[in-house]
Amino acid sequence: MSGRGAYYKQLYGGRGAGRARGRGAPGPSHQDIRSASAEQYGSRGTKRQRSDVELGARSSDDLLNKARSLGGRSYPAYRDLQGSWDYPTFRLFVDHVQSDPYAPPGKMRIRVPHSTACIPQDLFSNKIRTVALCDYLTREACAVMDSGGQTTGRNEQQHSGGWASEKGGHVLIDRPGQQVLERSSVVLVRGGDGDDESLEGGIEQRFCVGLPAQGRTILGEQAARLFSTVIPHLARNLLYSSHDPGRMEAFVDSVEDQQDLRRQIALAGLVAFVPNGAILPRASGAADTPMESPNVVAFRSPPNLERTFVLPHRGPVSGMAIPKGITMVAGGGFHGKSTLLDALARGCYDHVPGDGREFLVTSARCVSVQGEDGRAVTNVDISPFIDNLPGNVPTTSFSTQDASGSTSMAAGVIEAIEVSADVLLFDEDTCATNFLIRDRRMQRLVSADPITPLVYKVRAMIKDHGCSSILVIGGCGDYCDVADLVLEMRNYQCFDVTAAAKQIAQDIPSAVPEHEATHFGTVRSRELQPKSLPSGNDKISVRKRTAMDIGRGETLDLSALVQLVHNSQTRTIAAVFKHTHHNTYQHTELSQVLQELERLLDTEGLDAVVQQDRIDGFLARPRPFEVAMAINRLRTVSLGYR
């Protein structure tokens, strides 16, 4: 091949992931409708176009005629479709069309007026019910896509082709996981929202579309079919009449019950609750769905720890109550200790019905801490745990670009308390041993150890800062001295062995009584310099839930944030960085900046942290703790004490 054909093949066909695959002839059977994770499509929102205001909304017939008329033209001509288009029962917003078929797909929205959707107001009568309803509709939209929607053609392998084969026709929606999160994929909008003050309020679905093309040539008939069949099919998902009313209501009620249960356990002086019958094991290490096996063991509370709570919709639910204080989870290897702790870590979120962990709730302010060799630490007072470092390195405002396991854990504990965590979770397998304990033999052998282990401070931590601990311990028996509650996981069953642990602590003395601290130490608030966060000029790419590329030089590793459960939360954290950089805060203490951010999200939703003229349907709300943890791990952030 030579000339222009070779030039364009090299320019657009040799981009690896951007290259079309396989071969196929043109035709409507090549349309595809599917869901995808946001990690595939960059971290930027899309511009809100003003053409719908300047030109007025056009009809769906106009849209179909326009799409057909573009057939055979170069791909950038698709931009003529930008604007708003009125269908009989909904309005379609084409906010952005990509300039090239191999670029990230365009952005669109469907808005159905409340008077047309007819969803009972009781299903979105408060914040949590609104979140649950929008999550439910997002899942149902994904189910529509998984079932094939209005497609009539071949599978994905048959769809692919060489450089000149068809590309596009894909509709993509942010796919939820097992947790119910506040999302931007489906939102309730007020009347007059945006530029058109006459627009009626309603419910809005946001999604991405790759418009169909052969090479860089528009396929007009295929585009018209997408707008005439696939888009209306997706819009019907927003109608109450398209759903099982009982199933929708049960989903929303279940999520509201979980929120209410979390409120009740806090009032009862508890930090966690594990319901009888819960299925804690997951399908695999790479899947968050419940294990499906005839041999799976459902959770059952030890009789003396069982409590019953009455929920607004479900009624009574019984299970194990974990009180404030220090709880040690012991047991042999592979008996279910870490499985229980993993479930408790996710208990700060509500779960979908059927997950197995619904109604397993923990404090909304629980934080998991683990060792992170190599992480950055910026001006953290770790002196409650570490002092007298070699070379007289100060620890009252400690910084490093390459933390050890123990210093990273000391920093992690202090950082969590700084932003008001009230429960810390530790798993011996992921912790630095010298941060957890130091026995008599090591004390005698090593006299110049700068580390005060957690076991000497854990009771002072709850006394001075109201922060409880739940620890999975398989080999550090010294925690028998300080634990208020000791659970044993044995053959995936839970037993209360507190009395036996206390007797062992008396029979076999440890060094804890001699060295336990009476005071934890002061935890001070640090000042954040917002301008040190990535700005709008910095390209941020969220490759996956646990990694964020910032500019050309930094990869932010978030793998230790085990309570960050969806890549769209990571995308939101990236948006928060830019939003915080460009806004002025009355207070710049990190904890107060997070509080202001929470108030903003509560009142204005996720759109508040996206650039003003953009829309992003691939965001999910993170907790303030994960936002703080991400900020603390930035290598270029400016944090410090006054």
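## Contacts, cores and cavities in a predicted model

Once its neighbours within four places in sequence are set aside, P275 is in contact with F299, V317, S318, G319, E358, F359 and L360, where contact means heavy atoms within 4.5 Å. This is a predicted model, with residues numbered from 1 along each chain as its sequence is written. Local features need pLDDT of at least 70, side-chain atom pairs count only at pLDDT 80 or more, totals for chains, interfaces and linings use all residues, and side-chain values use heavy atoms, with hydrogens and water left out.

P275 has its place in strand β13, which covers residues 270-275; helices (H or I, at least four residues) and strands (E, at least two) are DSSP runs, numbered from the N terminus. With a relative accessible area of 5%, P275 is buried. Here buried means under 20% relative accessible area, exposed over 50%, and partly exposed in between, with a 1.4 Å probe and protein chains only. One of the partners of P275 is F359: these two residues are 84 apart along the chain, yet their C-alpha atoms are separated by 6.3 Å.

The view can now widen to the whole protein. Its secondary structure comes to 18 helices and 33 strands, and 57% of its 642 residues count as buried. Of the contacts between residues at least 6 apart in sequence, 76% join residues at least 24 apart. Confidence is expressed as pLDDT, the predictor's confidence in each residue, from 0 to 100. The protein averages a pLDDT of 89, and 87% of the residues score at least 70. Two stretches call for care in reading: pLDDT stays under 50 over residues 1-54, for which the model has 146 contacts beyond four places in sequence, and also under 50 over residues 150-164, with 43 such contacts.

Inside the protein, the largest nonpolar core has 86 residues. Such a core is a set of buried Ala, Val, Leu, Ile, Met, Phe, Trp, Tyr and Cys residues joined through side-chain atoms within 4.5 Å. The residues with the most contacts inside the largest core are V413, L424, Y479, M548 and F577. Helix α10 (residues 405-418) provides the largest share of this core, seven residues. Beyond its neighbours within four places in sequence, F577 is in contact with L533, P534, I540, M548, I550, L556, A630, I631 and L634.

Helix α10 is also the place of S408. This serine is buried, with a relative accessible area of 1%. Neighbours within four places in sequence aside, S408 is in contact with Q370, G371, E372, D373, R375 and A403.

Rolling a probe the size of a water molecule over the atoms shows where empty space is left. On a 1 Å grid over the protein atoms alone, a cavity is a set of points where a 1.4 Å probe fits but cannot get out, and its lining residues have an atom within 4 Å of a point. Grid points are joined across faces, edges and corners, and a volume is the space filled by probe spheres set on the points. The structure holds three cavities of 30 Å³ or more.

The largest cavity has a volume of about 120 Å³. Its lining has 16 residues, of which V367, G412, E415, M629 and R633 lie nearest its centre. The elements giving two or more residues to this lining are β21 (366-368), α10 and α18 (624-633), and α18 gives the most, with five residues. By class, the lining has eight nonpolar, five polar and three charged residues; Ala, Val, Leu, Ile, Met, Phe, Trp, Tyr, Cys and Pro count as nonpolar, Asp, Glu, Lys and Arg as charged, and the others, Gly among them, as polar.

The second largest cavity has a volume of about 60 Å³. It is lined by 12 residues, and K107, M108, R206, F207 and G617 lie nearest its centre. Strands β5 (106-113) and β10 (202-210) each supply at least two residues of this lining, which has five nonpolar, two polar and five charged residues.

Two loop residues complete the tour. C118, in the loop between α4 (114-117) and α5 (127-146), has a phi near 60 degrees, a positive value in a residue other than glycine. C118 is partly exposed, with a relative accessible area of 48%. F334, also not a glycine, has a positive phi of about 65 degrees. F334 lies in the loop between β18 (326-331) and α9 (337-346) and is exposed, with a relative accessible area of 79%.

Terms used. On a 1 Å grid over the protein atoms alone, a cavity is a set of points where a 1.4 Å probe fits but cannot get out, and a pocket is an open set with protein on both sides within 12 Å along at least five of seven lines; lining residues have an atom within 4 Å of a point.
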